[in-house]
Amino acid sequence: MPLDLFTVGDPIADTKAPVDVPIGERWSTRRFRARLVNPANRRKLTVIVVGTGLAGGSAAATLGEAGYKVKNFWFHDSPRRAHSVAAQGGINAAKNYRNDGDSVHRLFYDTVKGGDFRSRENNVHRLAEVSVNIIDQCVAQGVPFAREYGGLLDNRSFGGAQVSRTFYARGQTGQQLLYGAYQALERQMAAGTVEQFARHEMLDLIIVDGRARGIVARNLITGEVSTHFADAVVLATGGYSNVFYLSTNAKGSNATAIWRAHKRGAYFANPCYTQIHPTCIPVKGDYQSKLTLMSESLRNDGRVWVPKERGDERDPRDIPEDERDYYLERIYPAFGNLVPRDIASRQAKNVCDEGRGVGPGGLGVYLDFGDAMKRLGRPAIEAKYGNLFDMYAQITGEDPYETPMRIYPAVHYTMGGLWVDYDLQSTIPGMFVIGEANFSDHGANRLGASALMQGLADGYFVLPNTINDYLADGPFEKVDDGHPAVAEALQDVQGRVQKLLSINGNRTPASFHRELGRLMWDLCGMERSDEGLRKALDRIPEIRQEFWTNLKVSGDQDTINPTLEHAGRVADFIDLAELMCIDALHRNESCGGHFRAESQTPEGEALRDDENFAYVAAWEWTPEGAPPVLHREDLEYEYVHLAQRSYK
Amino acid sequence: MTATREGASFASGTATDPAMAPHGMTLTLRIWRQKGPADKGRMVTYQVEDISPDMSFLEMLDVLNEKLILADDDPVVFDHDCREGICGSCGLMINGTAHGRGTSGGPTTTCQLHMRKFKDGDTIDIEPWRATAFPVIKDLSVDRGALDRIIQSGGYISAPTGTAPEAHSILVPKKDSDAAFDAATCIGCGACVAACPNASSMLFTAAKVSHLGLFPQGQPERNERVVNMIAQQDLEGFGGCTNIGECSAACPKGISMENISRLNHDLLGALRAGARPKS
């Protein structure tokens, strides 16, 4: 591709999955071939885990139980605050409790297909295998999954799956799974195997002699910047949806840890793969600080529509049936309002772009329960969706029983992340990446109820069975602040903090963040085009330039200073945004949640290009302003055959 | 004052769009400012203008902070994260009520409180949680580490990874499972402590004791769990529970007083069975 925005390097490949045996035996074979660490030696080995969400919390607890010395870092006050807590829907597992034909192979198949053939078969198969252990583990911990009257676990079908394999705890599944991991983690803290570093933010990775050996962290209360050493480092720091400023992520969710690691040599895979969720509460005004997701189960009974005429500002209740366009039912008669997330999102954008959007700013579509209320009656709707309707009323001040809800898509999850091999090790020896922070299992599109599964699979069952193969070579030679690489990383961080405080310009970190987010949403969001992405790539360096010359951060270094924290995160988002746009520009195909204007069928549907793009794009950072280097990992499909998705 | 200086607008609604025009509430905020644990602290008065009724309470504070940053003042520190009522980070005393009062007049989290609850010209008092066991870090941010230490003392079921039996080998009656879920929804925000005249953490502790004690898996450690968690909450400096019920009334997740009864029942049983706290 004729771009001077990047160069192409050597291909990259996973070398850890034992491909000499059939796929169903690969995980057990890998566990057998991985070297072990004698229990007596584990206490001599230190592992740093950054993050306490489903992946980080479960990994830190499990490694502590195994007898390693764990140092756990997180930026919140308590491990229980990690944003996994906000996941609503559920967690998939191939238990086949419903006797409806589910199996490990079917979950594997659905996930590869759902990822639009851009994930690795080996990793996904393993995910499906350990899914059943996750449910057992969580039940043993006391996670209060929904149950039936006979005392057995309840299941539901989720996200268009044809089997009922989703376990759930009302609309708070993420919260309950997280508390299970959190309680296991607190137990290890009491036992002394896990040392806690609350309100610490990782600001750099320390590499000594080619191995990840520690991190530089800032104590967010005292401002002290300090170094911490280990034999291996595990990043479980979540996704980067907040590059868009407005997303369903928590305010603090950020990309700094993975971006710093990327700048130290970890390849970043598929950064442009983001997921846009169709049923969020629309933006209200300039002050808006985040977006709130409502479960997509609402589309089971709600009908999506906009007025047929653009600029129709009548009260929705006064718009007669024949002047409404139920566009999903019209375009996709077979699936109607239940089309997958990416399609529902993109069509909402299309009708709003046509000027038929509703609500403030014209960025919204109606989700109407009028018919369902007539058919089922209000009590049935209350029983099914009461909590969601209350939440909507609380936020918007409108009563969705009386007037249609307004919804609009919002960024929700990032499938891209740091490149890892089958062992979940990054391109930096000794640095492992788990959960949403890595790129591994969801391809170009994540299925519902799969994020919780992946986070816990990585933390409870995968990492604790692969990291030993690396640690078997340890303990590594002791390092301290006197080592030149350590001193350099420490100075780097301190210099950066000082720089952010000293610019003393006229714009707050939030104002830059909003501007960047708007740009990314418009040009690198649901639909991307060559022209738009090039425009974004012209604009981002200008934003960066202004950021570093006109930023205003008040307050001091040596105290709790959220403005300073935000400034550092925005600086990294600006750099990441540029890589996302380059990745999106080079991938001239539509796939998964990523629609490319130049790659569509005559009917305007997404057109994947397996000939040219059936690979993982792993990007290498090059210092001093040189363009990034693309390393391709070719994807091969031995078990699930390549096919185009169709919902017509 | 508008929400952003540069006027970048997200919803493509700008000041020229009548639907997005400033709604113009002017409010007087009296906010607790305290530089650190050693500082005495004081209420400081601020004015905010053009506050939209659609803003959340925390977005209103964002607006104030943007103004303070550009004036080279120290912005007001407060904890927050998910802004959808589930992470438990936020927690402010608003006009003397923990988290303020939500849309229907019932409890809420601070992040789910919206400015349409207030009217033009109102004065709003904003203070941190006040309890000996929750020392102020700065301004409105307090240290709630004591709650984590209560969990450490016994708020778990010992089930190391890999040891679990098949999930369906443990049957749980639906009513127990539902009651356990209700208790388990506690988000650890600390509103119960802030609302309690004794600054007791009993509702928090009782929620966890109930959640785990209602499950068959939680039985082996049931007696030790309750005595150790009670001992830890005393050690942390929380007050004793006198069944006033302010905790439950302020709880954004509706954790009921029934959990405290269950804890008391468990505690009595445990003590009679000879359970004593560690050390």
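Visitor: What makes domain 1 of chain A and domain 2 of chain A partners in contact?

Guide: In this predicted model, five residues of domain 1 of chain A are in contact with five residues of domain 2 of chain A. The word "contact" applies because the C-beta atoms of two such residues, placed from the backbone, lie within 7 Å. On the side of domain 1 of chain A that touches domain 2 of chain A, helix 9 (residues 341-353) of chain A gives the largest share, four residues. By class, that side has one nonpolar, one polar and three charged residues.

Visitor: Where do these two domains run along chain A, and how far apart are their C-alpha centres?

Guide: Domain 1 covers 277-411 and domain 2 covers 484-613 of chain A. Their C-alpha centres lie 30 Å apart.

Visitor: How do you know whether helix 3 of chain A and helix 12 of chain A are roughly parallel or roughly antiparallel?

Guide: The axes of the two helices come within 8 Å and cross at roughly 20 degrees. Angles under 35 degrees count as roughly parallel, and helix 3 and helix 12 of chain A are therefore roughly parallel to each other. Their crossing is right-handed.

Visitor: Which residues make the contact of helix 3 of chain A with helix 12 of chain A?

Guide: Helix 3 of chain A contributes, among others, A:L54, A:G57, A:T62 and A:L63. From helix 12 of chain A come residues including A:L452, A:D458, A:Y460 and A:P464. By class, the residues of this contact divide into 10 nonpolar, six polar and one charged.

Visitor: What does chain A contribute to the side that touches chain B?

Guide: In total, 75 residues of chain A are in contact with 82 residues of chain B. Among the elements that give two or more residues to the chain A side are helix 3 (54-66), helix 12 (451-471) and helix 16 (562-586) of chain A. Helix 6 of chain A provides the largest share of that side, nine residues. By class, the side has 29 nonpolar, 27 polar and 19 charged residues.

Visitor: How do you know whether the radius of gyration of chain A agrees or disagrees with that of a compact globule?

Guide: Chain A has 648 residues, for which a compact globule would have a radius of gyration near 26 Å. The value for chain A is 24 Å, which agrees with that expectation. Taken along the principal axes, the C-alpha atoms of chain A fill a box of roughly 75 × 60 × 50 Å. The chain holds 17 helices and 22 strands.

Methods
Residues are numbered from 1 along each chain as its sequence is written. Chains are lettered from A and ligands numbered from 1 in the order in which they are written. This is a predicted model: local features need pLDDT of at least 70, side-chain atom pairs count only at pLDDT 80 or more; totals for chains, interfaces and linings use all residues. Ala, Val, Leu, Ile, Met, Phe, Trp, Tyr, Cys and Pro count as nonpolar, Asp, Glu, Lys and Arg as charged, and the others, Gly among them, as polar. Axes are lines fitted to C-alpha atoms, for helices over the stretch in contact, and angles run from 0 to 180 degrees between N-to-C directions. Angles under 35 degrees count as roughly parallel, over 145 as roughly antiparallel, 65 to 115 as roughly perpendicular and the rest as oblique. A crossing is left-handed if the near helix is turned anticlockwise from the far one by less than a right angle, and right-handed if clockwise. Domain bounds come from an automatic or database domain assignment. The radius of gyration is taken over C-alpha atoms; the globule rule is 2.2 Å times the number of residues to the power 0.38.
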